[in-house]
Amino acid sequence: MRFLGLCAVALLCSSRAHAQALTVPPDTAHWSLEGQAQATEYLGRKCLFLDGGGATLKNMVMRDGVIDLDVATPASRGFFGIQFRITPDGQDGEWVYLRQHKSGLPDAMQYTPVLHTGINWQLYNGPGFTGAVDIPRDVWFHLRLSITGAQAQLFVRDMDKPALVMDDLKSGVEKGEVALAVLTGATYFSNVEIRVTPDAPWARHLPPTPAGTLTEWRLSPSYDALARDLERPLSRAESDTMRWQEVRAEPPGLVAINRYRDSPHLRVSFANDFSKRLEPQPGMRVVYARTRIASDHEQVRKLYLGYSDDVSLFLNGKILFRGRSAQNFRDPGFLGILSPENDAVYLPLRKGDNELVLAVSELGGGWGFHCRLAEVKD
């Protein structure tokens, strides 16, 4: 994810913009272009062309509003959409996009927050984040993005019923720039119109956190994963000299590491060649997370564990589990979506305090974990 890194602008929308729509011509006077991006003509219209490129609207910082535009794409595969509330440093924001090759499927469109330049679609998935929609080829069709407080709605072709309801925007950014972005797949944008609306109340719609969820954690700095033995527990000396940051899991129990550490951006060798899945992946980063589990007697507890993308689990200085759930790793079509029910580990707890440590590594698509304790059935 690169296009959120464009330069920020200092001007806010004028009060006049609240009363009327702003029509934005497809030219460099109004857009900052990056990558494969240019003003052109397509299917009889003046428009912006993007293919591995971005276009950031100049002189506008927006909180709430409505973005209307037409889009056309001849590509059979791609990722195109709208970025909004981009921070001045280009590190954080929101992104909603469509995928031509997923047309009609449950994840044809997707919303993800961008945190420290990391896209987090593996962490935030399902209702409110993905949805089915038909994406036509080589014809103009209309998109509308309506942003209201901590919620947003995407309309595709049908302007009466939203195709995707984003019930809780996750980045936490309340205002920022607007951009068009295409990771890959030739896409054209025309008739861009933006209407700023009065600020709505900022009301989060958070899911409940299930009983047994481990929410209090401490995170280490980020390290080069290939420079460490990820099957070896931290020594007491290592642990004592690390700078630990206290964090709290967000509902329903997710610790999104990208909120606290810069996301690595590496080329995963097995993404296009499954035979390379066991090769070392240069650029992979690891963060250690630790917490304490108090037990009033010696017992075995079941720990539901969701993670992205790679984890080692240690209890009281001993390794109990090692796994990888990266995109394309378990099979060529595997997505690596995080779920707390992905795996389960049985923890032999001793009476008193028990130290649980995770070594969580990132390859792409979201860096985080989710842990929930459950009773072991007799």
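How many bridges join strand β19 to β22? The count is 7, and the two strands run antiparallel. Strand β19 covers residues 299-308. Strands pair if DSSP finds at least two bridges between them. Strands themselves (E, at least two residues) and helices (H or I, at least four) are DSSP runs, numbered from the N terminus.

This is a predicted model: local features need pLDDT of at least 70, side-chain atom pairs count only at pLDDT 80 or more, and totals for chains, interfaces and linings use all residues. Residues are numbered from 1 along each chain as its sequence is written, and side-chain values use heavy atoms, leaving out hydrogens and water.

Stay with β22, residues 343-349. Its side chains alternate. Asp 343, Val 345, Leu 347 and Leu 349 point to one face and are buried. Buried means under 20% relative accessible area, exposed means over 50%, and partly exposed lies in between (1.4 Å probe, protein chains only). Asp 343 is also the bridge partner of Leu 305.

Now move to strand β24, residues 368-374, where His 370 lies. The relative accessible area of His 370 is 4%, so this residue is buried. Its contacts (heavy atoms within 4.5 Å) beyond four places in sequence include Thr 213, Pro 252, Leu 305 and Leu 338. The side chain of His 370 also reaches the backbone oxygen of Pro 252 at 3.2 Å.

After β24 comes a segment that holds Val 376. Val 376 has 33% relative accessibility, so it counts as partly exposed.

Next, look at charge. Side chains of opposite charge can pair when their charged atoms come close. A salt bridge is a side-chain nitrogen of Lys or Arg within 4 Å of a carboxyl oxygen of Asp or Glu. By this rule the count comes to 21 salt bridges. One of them joins Asp 168 and Arg 204, with the closest N and O atoms 2.7 Å apart. Asp 168 lies in the loop between β12 and β13, and Arg 204 in the loop between β14 and β15, so the pair ties together parts that are 36 residues apart in sequence. Asp 168 is buried because its relative accessibility is 5%. Arg 204, at 37%, is partly exposed.

Another salt bridge links Arg 228 and Glu 238, at 3.0 Å between the closest N and O atoms. Salt bridges that share partners also join Arg 63, Asp 64, Arg 85 and Asp 199 into one network.

Technical notes: A polar contact is a pair of N or O atoms within 3.5 Å; within protein, one must be able to donate a hydrogen and the other to accept it, and residues adjacent in sequence count only if both atoms are side-chain atoms.
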